[in-house]
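This report describes the architecture of a single protein chain, from its overall composition to individual residues. The sequence and model are shown below.

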Amino acid sequence: MEPPLDHATPSTGTPRPRARDLGLVIGTGRPGPHNAITDVPGVRVGHTTVRLPPDVHTGVTAVVPDLVGPHTPLPAGVFTGNGYGKLVGGTQLAELGTLETPVLLTSTLSAFRVADALVGWVLERPGCEEVRSLNPVVGECNDGFLSDIRARPVREEHVRAALDTASGGPVAEGCVGAGTGTVALGFKAGVGTSSRTLEVGGRRGTVGVLVQANFGGTLRVRGRTVTPGSPDGTGAEGPEPAPDTGSCMIVVATDAPLDARQLTRVARRAVFALARTGASYSHGSGDYAVAFATRPGGGPLVADADLNPLFEAVLDAVEEAVLNSLLAATTTTGVGGRTVAALPPESVAVQASGRGPTDAA
């Protein structure tokens with residue numbers, strides 16, 4: 001029996017502080033105006049949050065490049081850090097180096113319904129009346145610790161709502177969309193985003209990232225650990241997720257003129273960046289990054305030797321996006337009465353001030 005129809009929530013702002021609000025600045029690069037993936041021109045984000053307390057805490061997040069379509073594919077790359085995941089469309093993405101659809105994120109067992117709904121949505125777009133082949137790209141994380149994952153509650157109307165309400169500007173973070181039920185590094189997590197403006201190959205550009213954080217390990221902030229049991233942390237009440245489970249999906253967008261091979265190199269750095277936050281890359285983790293460029297044929301390609309500023313920007317932005325996903329999330333009680341607490345902002349503020357947990361008053 002399917003659960004009752006639940007509600008869809010479009011993107012909204014969050015009152016909780018982001019990393020920079022607490023004085024925690026990652027790297028020396030300058031973020032875009034919203035410090036979000038939407039700072040890349042032509043990229044929009046939409047969320048549908050699906051809640052039926054206490055058992056259902058899930059949803060879908062859509063990253064929508066304006067120009068993407070089966071007749072106007074964008075150059076793209078994909079990198080797998082650990083492949084215990086269900087990344088729909090990953091093999092063609094790797095083989096051809098082109099993205100034909102928006103990138104959608106959701107819960108593991110809902111990925112296939114989401115992919116079907118995405119195909120239907122794209123086929124209805126103007127100019128797609130004769131399309132006979134399409135490669136939907138859908139990533140997932142297992143939110144089954146807090147949500148009834150077997151119910152597969154994400155439906156076509158939720159997918160369409162996320163796509164149709166996708167917008168530029170600020171991006172809602174934390175317990176929204178695909179991050180509604182996720183847990184990372186011992187704390188309640190969710191969706192996070194960040195961006196950097198930079199000069200690459202003599203041209204100004206922007207790179208933005210969005211993460212769906214749901215991975216194991218021990219949180220590190222500026223090299224110092226913050227755990228649920230530390231003086232500055234409050235974590236799960238009762239059982240915790242198994243330490244070898246979890247995943248992280250990362251989407252990277254840039255307006256720099258890159259080809260698929262170069263974007264694969266960018267995606268690789270995005271997965272590497274998770275190590276800065278304390279990721280364990282365990283056996284049961286699906287750690288993927290999809291990177292795309294919004295300017296196909298937008299001038300001469302950036303030379304490989306000029307990519308270093310972009311690599312550094314991606315490393316910094318992913319680290320900051322993970323922290324934002326944790327800081328924006330709120331304590332959640334889910335299926336089976338399991339509770340995972342949010343990361344206390346003061347624990348990150350302590351790290352920003354240079355004081356470790358053992359130094360805190």
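## Basis and overall composition

Helices (H or I, at least four residues) and strands (E, at least two) are DSSP runs, numbered from the N terminus. The model is predicted, so local features need pLDDT of at least 70 and side-chain atom pairs count only at pLDDT 80 or more, while totals for chains, interfaces and linings use all residues. Residues are numbered from 1 along each chain as its sequence is written, and side-chain values use heavy atoms, with hydrogens and water left out.

The protein chain contains six helices and 16 strands. Of its 361 residues, 59% count as buried; the term denotes under 20% relative accessible area, exposed means over 50%, and partly exposed lies in between (1.4 Å probe, protein chains only). Among contacts (heavy atoms within 4.5 Å) with a separation of 6 or more, 80% involve residues 24 or more positions apart.

## The four-stranded sheet

Strands E1, E2, E5 and E6 form an open sheet in the order E1-E2-E5-E6, with mixed pairing. Two strands are taken to pair if DSSP finds at least two bridges between them. The edges are strand E1 (43-52) and strand E6 (137-141), each of which pairs on one side only. From one strand to the next, the twist averages 15 degrees. E1 and strand E2 (residues 56-65) are antiparallel over 10 bridges, and Val-50 stands opposite Thr-58 in E2. Pro-54 lies in the loop between E1 and E2, and a cis peptide bond with omega of about 5 degrees joins Pro-53 and Pro-54.

Helix H2 (residues 111-123) lies across E2, strand E5 (103-107) and E6, at about 155 degrees to E6. Helix H3 (residues 156-164) lies across E1, E2 and E5, at about 145 degrees to E1. For these angles, axes are lines fitted to C-alpha atoms, for helices over the stretch in contact, and values run from 0 to 180 degrees between N-to-C directions.

Thr-108 is found in the loop between E5 and H2. With a relative accessible area of 6%, Thr-108 is buried. Leaving aside neighbours within four places in sequence, Thr-108 is in contact with Lys-86, Glu-140, Cys-141, Asn-142 and Ile-149.

Strand E9 (residues 191-200) and E10 run antiparallel and are joined by 10 bridges. The two strands form a hairpin with two residues between them, and Gly-201 in the turn has a positive phi of about 60 degrees. Glu-199 has Arg-204 in E10 as its bridge partner. Strand E10 (residues 203-214) is largely enclosed by the rest of the structure, because 10 of its 12 residues are buried.

Helix H4 (residues 260-273) has 14 residues and reaches 20 Å from its first C-alpha to its last, close to the 20 Å expected at 1.5 Å a residue; the expected span is 1.5 Å times one less than the number of residues. Its buried residues include Leu-263, Val-266, Ala-270 and Val-271, together with Gln-262 and Arg-269. At the start of H4, a side-chain oxygen of Asp-259 reaches to within 3.3 Å of the backbone nitrogen of Arg-261.

## Nonpolar cores

A nonpolar core is a set of buried Ala, Val, Leu, Ile, Met, Phe, Trp, Tyr and Cys residues joined through side-chain atoms within 4.5 Å. The largest has 50 residues, of which Phe-215, Leu-219, Ile-250, Val-252, Val-318 and Leu-326 touch the most other members. Elements giving two or more residues to this core include E9, E10, H4 and H5, and the largest share, 12 residues, comes from H5.

Apart from neighbours within four places in sequence, Ile-250 is in contact with residues including Leu-210, Ala-270, Tyr-288 and Val-318. A second, separate core of 28 residues includes Val-63, Val-103, Val-137 and Val-176.

## Loop residues

Arg-222 lies in the loop between E11 and strand E12 (224-226), has a positive phi near 55 degrees and is partly exposed at 42% relative accessible area. Tyr-281, in the loop between H4 and E14, has a positive phi near 45 degrees and is partly exposed at 30% relative accessibility.

Thr-330 occupies the loop between helix H5 (308-328) and strand E15 (332-333). Its relative accessible area of 36% makes Thr-330 partly exposed. The C-alpha atoms of Thr-330 and Lys-188 are separated by 6.7 Å, although the two are 142 residues apart along the chain. Beyond neighbours within four places in sequence, Thr-330 is in contact with Arg-16, Cys-175, Lys-188 and Ala-342.

Terms used:
A polar contact is a pair of N or O atoms within 3.5 Å; within protein, one must be able to donate a hydrogen and the other to accept it, and residues adjacent in sequence count only if both atoms are side-chain atoms.
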